Amino acid sequence: MFTLPADFSDLVQLDSQTGVVISREGKRLEFKQNFNATDFSDYTKALATFSNSVGGVIVFGVSNNPRMIVGAGDMVDEADWVNRLRDEFDPEIPFGIREYLVGGLKLYAVGVDASQHKPVICRKTRTKVVERRGEKKDVVILQEGAIYYRYSGQSRPIAFPELHAMLVERDNMNMRKLLQTLQVVQKIGLDNAGVIDVTHPKTKILMSPETAKGLNFIKKAELVEEKGAPAYTIVGEVDLQKIVRATLDEADKNLPSEAAKLISPAIKEVYGTGQISAQQLTLLMRHMKIDGDNHHCVYEKKMGRKYVTRAGLKAVEEYIRTAPVEALEAFGSKANRSDYLRRALRKRNENALVMHATSSDAAPQTIDKPAGS
């Protein structure tokens, strides 16, 4: 978001006694006396030219000849500017808008920085009716596909030298960013690095499964922390359910039915018999709160598939072995639970009998007879 200065004198030079404006229109500044709804596309076009060059500001409330502070009428809401710019140009143009009071007169300024994603391209053709020498003509203000550029005091389609320089600078900037990113990755280690994609309405965090492991987040005053793992504050609209992982290894692409077969040996080992189905595995992972967490279990929306990773298989097997009763409560039927408890009780009794028999079969202690008996 472009930030405008709080003091109008930091934006425009003027004679405070007479209200005469000393600053001139140029590459970064344009004056308008009033906001006119029929000229809205002229204003957005000027902002686009600023975005494609070095940034700039439109000031409303300054007369043309002479240049004086005269004040402006009502201004449309900021939301109207947002919608109009989004409708007419791509990529989106971040801007700032501010109201000033100078000598009791109200002025408005709308400004933009140079775009970080040049070129900004017009996405819609706009015309308006202009009267010249008593004749009304439909004049094109915006042309779809055009790239507008700010020359000294003038907004018009970009010429080849400026377009070529813009594209070269964009490539150089991308290379600098890539090198800086690689330097950061080298410094902190490949296994500890992730990438933030800020081009979507909800920011996405892309990282490998190993990097994502152990990360916890503070979001909207909700503290999530486990076993002392580090916590990270997320500012803005970040969807933590969309932590996007790197491309899955083939060994992590286990469909629920395949994962159930891989886990069945552990089921037989712990419960003595039987196997687990894909549906039961899902119930168990939901109970463990790892279903769809993008580490143990991944939903691939593009293909409409769900995968259980190696980490997921390991976590489920460990849970079954360490908490067999709780695990069975989550996925087993009532008959399964009763059968397991009966067998567990029988095994415990058998172990107790074995221990008792072992104790009884132990050699009796020798008792020495008293002397003289």
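**Rings, a patch and some cysteines**

Hi everyone, let's start with a cysteine: C122 is buried, at a relative accessible area of 2%. Buried here means under 20% relative accessible area, exposed means over 50%, and partly exposed is in between, using a 1.4 Å probe and protein chains only. C297 is buried too, at 0%. As for disulfides, meaning pairs of cysteine sulfur atoms within 2.5 Å, the structure holds zero.

A quick word on what we are looking at. This is a predicted model, where local features need pLDDT of at least 70 and side-chain atom pairs count only at pLDDT 80 or more, while totals for chains, interfaces and linings use all residues. Residues are numbered from 1 along each chain as its sequence is written, and side-chain values use heavy atoms, leaving out hydrogens and water.

Now the rings. How many aromatic pairs does the structure hold? Eleven. Rings of Phe, Tyr and Trp (its six-membered ring) pair if their centres lie within 6.5 Å; planes under 30 degrees apart are stacked, over 60 edge-to-face, and the rest tilted. Take F35 and Y43: their ring centres are 5.3 Å apart and their planes are at 45°, so this pair is tilted. Both residues, F35 and Y43, are buried. Ring pairs also join F35, F40, Y43, F60 and W81 into a cluster.

Over at Y151, the charged end of R156 sits over the ring, 3.9 Å from its centre. For that label, NZ of Lys or CZ of Arg must be within 6 Å of the ring centre and within 35 degrees of the ring normal.

Last stop, L182: at 47% relative accessibility, L182 counts as partly exposed.
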